[in-house]
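Dear colleague,

I am handing over the structure below, together with a short account of what was found in it. Please look through the sequence and the model before reading on.

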Amino acid sequence: MRIFVLSGQSNMAGRGGVHHRRWDSVVPPECAPDPSIQRLSAALDWEAAREPLHADIDTTKTCGVGPGMVFARAVLPCLQEDTPGEGARTGIGLVPCAVGGTAIREWARGERLYEQMVCRARVAARYGEIEAVLWYQGESDAESAAAAAAYYGNIERLIANVRADLGMPQLPFIQVALASGDKRNIDKVRSAQFSVNLPNVVTVDAMGLALNEDNMHLTTESQVKLGNVLAEAYIKNFLTTTC
């Protein structure tokens, strides 16, 4: 099983199709379940992956469509081509960890969310290889000039800690540069995201993707686009086989 950790805050957890705290239950074909794609539940059991992927993880908010299922469906054929052996078939395991409204300080080593993410990743790793962490977070840090100024150091420290604690010093980390946030500080956070200078870290840009009426969360259509952008980044930068 090829394993991908999904983490960060609400736009990774998914708010596509959520209006007035209710999800419209619309699942685009790009997000449809696939028998080769599973998710690790909050109870640490593997089950068929389906939207909303974070429903039992980000439990205090209403979850909708995020980028995870689109990403998994897009990379699945390439992973199967990349698997040696006649007739080999690869499955994907998604590990949802994102929680809405969280600042990066809440993802520091020793904090509950960080330790929960690492724990879930370790459990998942018993069943396959962790391929990458997909990270979309920072809107909460754009609410404070001090938090925005500290973001660069905090994101690099997070990446280093996750790699160290999982024993994977070259673990690919694909982060999403913000599409929304407090206008006073969003550019500072985005600058920090693009300035990360660590090996096997790729940054994709969500700026310009359509937002829900709250002007904060990506629409379902935008999440589909983002999932494909993340998949393209993973395939281009971390797969030996192109498809």
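**Charges and overall form**

In the protein chain, the mean position of the 23 positive charges and that of the 28 negative charges are 4 Å apart, where Lys and Arg count as positive and Asp and Glu as negative, with His and the chain ends not counted, and where a charge is placed at NZ of Lys, CZ of Arg, CG of Asp or CD of Glu.

Please keep in mind that this is a predicted model, in which local features need pLDDT of at least 70 and side-chain atom pairs count only at pLDDT 80 or more, while totals for chains, interfaces and linings use all residues. Residues are numbered from 1 along each chain as its sequence is written, and side-chain values use heavy atoms, with hydrogens and water left out.

The protein chain has 6 helices and 9 strands, these being DSSP runs numbered from the N terminus (helices are H or I of at least four residues, strands are E of at least two). The C-alpha trace spans about 55 × 40 × 35 Å along its principal axes. For 243 residues a compact globule would have a radius of gyration near 18 Å, and the 17 Å of the protein chain agrees with this; the radius is taken over C-alpha atoms, and the globule rule is 2.2 Å times the number of residues to the power 0.38.

Of the 243 residues, 56% are buried, a term that means under 20% relative accessible area, with exposed meaning over 50% and partly exposed in between (1.4 Å probe, protein chains only). The accessible surface of the protein chain comes to about 10,500 Å², and 49% of that belongs to carbon and sulfur atoms, as computed by the Shrake-Rupley method with a 1.4 Å probe. If one takes the contacts (heavy atoms within 4.5 Å) between residues at least 6 apart in sequence, 77% of them join residues at least 24 apart.

**Cysteines**

The structure holds 0 disulfides, a disulfide being a pair of cysteine sulfur atoms within 2.5 Å. Cys97 is in no disulfide, and the nearest cysteine sulfur, that of Cys119, is 9.5 Å away. Cys97 counts as buried because its relative accessibility is 1%, whereas Cys119 counts as partly exposed at 39%.

**Backbone features**

Most residues other than glycine have a negative phi, and most peptide bonds are trans. The bond from Glu51 to Pro52, however, is cis, with omega near -5 degrees, and Pro52 is found in the loop between strand 5 (46-48) and helix 2 (68-82). Leu44, which is not a glycine, has a positive phi of about 70 degrees; Leu44 lies in the loop between strand 4 (37-40) and strand 5 and is partly exposed, at 33% relative accessibility. Asn215 also has a positive phi, of about 60 degrees, although it is not a glycine, and this residue is in the loop between strand 9 (201-205) and helix 6 (220-238), where Asn215 counts as exposed at 57%.

**Two arginines**

Arg15 lies in the loop between helix 1 (10-13) and strand 2 (18-19) and is buried, with a relative accessible area of 6%. Not counting residues up to four places away in sequence, Arg15 touches residues including Asp58, Lys61, Asn212, His217 and Gln223. Arg157, in helix 4 (residues 145-166), counts as partly exposed at 47% relative accessibility; Arg157 and Ala108 are 49 residues apart in sequence and 8.2 Å apart in space, C-alpha to C-alpha.

With kind regards
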